[in-house]
Amino acid sequence: MQTTDHLCPGILHAVPAKDGLLIRIRTPGGLISGEQLKVIAQASERFSDHTIDITARANVQLRGIRQENLASLIETLTSANLIPSAQHDRVRNITASPLAGLDPEEIFDTRPLVQRLDQALIRDSALAYLPPKFSFHIDGGGDRFEAESADLGLRAITESGVMWFCLTFADYPIGLSADADHAVQCMIEAARMCLDISKTYKIPSRAKIITSVSGAFRDLMNRLSSLPLEHPLIIPPKNISDAPIGILPGRHGDKVHIIPSIPLGRLTVHQGYCIAEIAILHRGDLRLAPWRGIVLGDISIDAVDDVRAELHSVDLLCDISDGYAGIAACAGLSGCVSALADVRQDASLLAQQLAAARTKLKRTINLSGCEKRCAMRNNAAVELVAEPSGYNIKINGVTLRSECLPGDAIELVVASLQTKALSESES
């Protein structure tokens, strides 16, 4: 194991934070069993701060860990097969829709490809040298909820009744595609090429950097031409869908998908236990979601009332009435030495006011404790960034107010959203 303050966290690479050590558990594609979540809850209860954070890449973070408990924590997580390869602890960054196999609009169920890609990654020792933030995304053609740009991606599309996967680089199609049988191997080869380009040009092997360096991207494309990639396809850009909080119909009339609101992406230990037990008892298809939430898929329609009551007993609602929809915040004062404000507390106060105002306007609001804007999502409509004298508020990229005290900032944001909602209702 390694404790480091200059690398992204993993299970075996704990990172010091203000409140103790922090680790990150990779769950490729957000796929996790109820039994694994139960073990994570047990680990949090015994060795960390009794919370479970879900990240924007549908991974899990535990924080507030004491150094003397780290070895026992790792042993506990290893028992649940959450570290299939110590060498690849931090590079299994694979995202996919949390509704894969559940979305009636999808072209292809990506779960088998996610598992094949993960297995191929951990079989390749060279790919252990990918940067910890290097990411893969597999899009089956249904709704997309992952807002972060992926270094390498596959996107399902049909042409003349034939399904192909378009290869994307930094989320942009590059005119190459492969069938389902060869798609994963093409991604693996492309990842190796990114490492080779990094060595040749002495640059990080991240997609956005490679595309910005003269000659590097052209070199990459020349190397990709050696792969068994088929003819290029023209694909339109894809929008990011809103988190579908609530009860969704399943593909079959006797099943539904239950998606509770997870305030600020953080579960208490008791909530983690509750969700794990629901998934186990009702044989639900549990997923972590990139909106920092969870999906309980394929729950019997006869069990909906019972499951909803169980979730409500641990303060988890299956609607957006708690006001937290679309709100994200970083660790804030309690967890980060750089934070200038208690953004999580302010985010909760904002949610309470939005709930009281019954503002149902779709929104994305980010609160950051400092100018580094950690955990900031791309293209958020409202941004509150803490400065020494208060919050800097931006709406749609335009500064609305600077040096605004927390209470005033919250009132200003609520008023702005109410005005927008009124305007849209009258138009």
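Q: Is Phe108 buried, partly exposed or exposed?
A: First, a word on where this comes from: this is a predicted model, where local features need pLDDT of at least 70, side-chain atom pairs count only at pLDDT 80 or more, and totals for chains, interfaces and linings use all residues. Residues are numbered from 1 along each chain as its sequence is written, and side-chain values use heavy atoms, with hydrogens and water left out. Buried means under 20% relative accessible area, exposed means over 50%, and partly exposed is in between, with a 1.4 Å probe and protein chains only. Phe108 has 23% relative accessibility, so Phe108 is partly exposed.

Q: How many aromatic pairs are there?
A: Rings of Phe, Tyr and Trp (its six-membered ring) pair up if their centres lie within 6.5 Å; planes under 30 degrees apart are called stacked, over 60 edge-to-face, and the rest tilted. Going by that rule, the count is 4 aromatic pairs.

Q: What kind of pair do Phe108 and Phe165 make?
A: A pair of rings is described by the distance of the centres and the angle of the planes. Here the centres are 5.3 Å apart and the planes of Phe108 and Phe165 sit at 85 degrees, so the pair is edge-to-face.

Q: Where in the chain are Phe108 and Phe165, and how many residues apart?
A: Helices (H or I, at least four residues) and strands (E, at least two) are DSSP runs, numbered from the N terminus. Phe108 is in the loop between β6 (94-96) and α3 (111-123), while Phe165 is in strand β9. The pair links distant parts of the chain, 57 residues apart.

Q: Is Phe165 buried or exposed?
A: Look at its relative accessible area, which comes out at 0%. That makes Phe165 buried.

Q: Where is His50, and what is its phi?
A: His50 lies in the loop between α1 (34-47) and β4 (51-54). With 42% relative accessibility, His50 counts as partly exposed. His50 isn't a glycine, yet its phi is positive, at about 70 degrees.

Q: Is Ser160 buried or exposed?
A: You'll find Ser160 in the loop between β8 (152-159) and β9 (162-169). Ser160 is another residue other than glycine with a positive phi, near 55 degrees. Its relative accessibility is 76%, so Ser160 is exposed.

Q: How are α1 and α7 oriented to each other?
A: Axes are lines fitted to C-alpha atoms, for helices over the stretch in contact, and angles run from 0 to 180 degrees between N-to-C directions. Under 35 degrees counts as roughly parallel, over 145 as roughly antiparallel, 65 to 115 as roughly perpendicular, and the rest as oblique. α1 and α7 pack at about 160 degrees, with axes 8 Å apart. They are therefore roughly antiparallel.

Q: Which residues of α7 and α8 meet?
A: Helix α7 (residues 269-281) and helix α8 (residues 304-313) pack at about 165 degrees, their axes 9 Å apart. That makes α7 roughly antiparallel to α8. Contact means heavy atoms within 4.5 Å, and the residues that meet are Cys274, Ile275 and Ile278 in α7 with Val307, Glu310 and Leu311 in α8.

Q: How is α4 placed against α6?
A: Helix α4 (residues 180-201) and helix α6 (residues 216-224) pack at an angle of about 140 degrees, with axes 10 Å apart. That makes α4, relative to α6, oblique.
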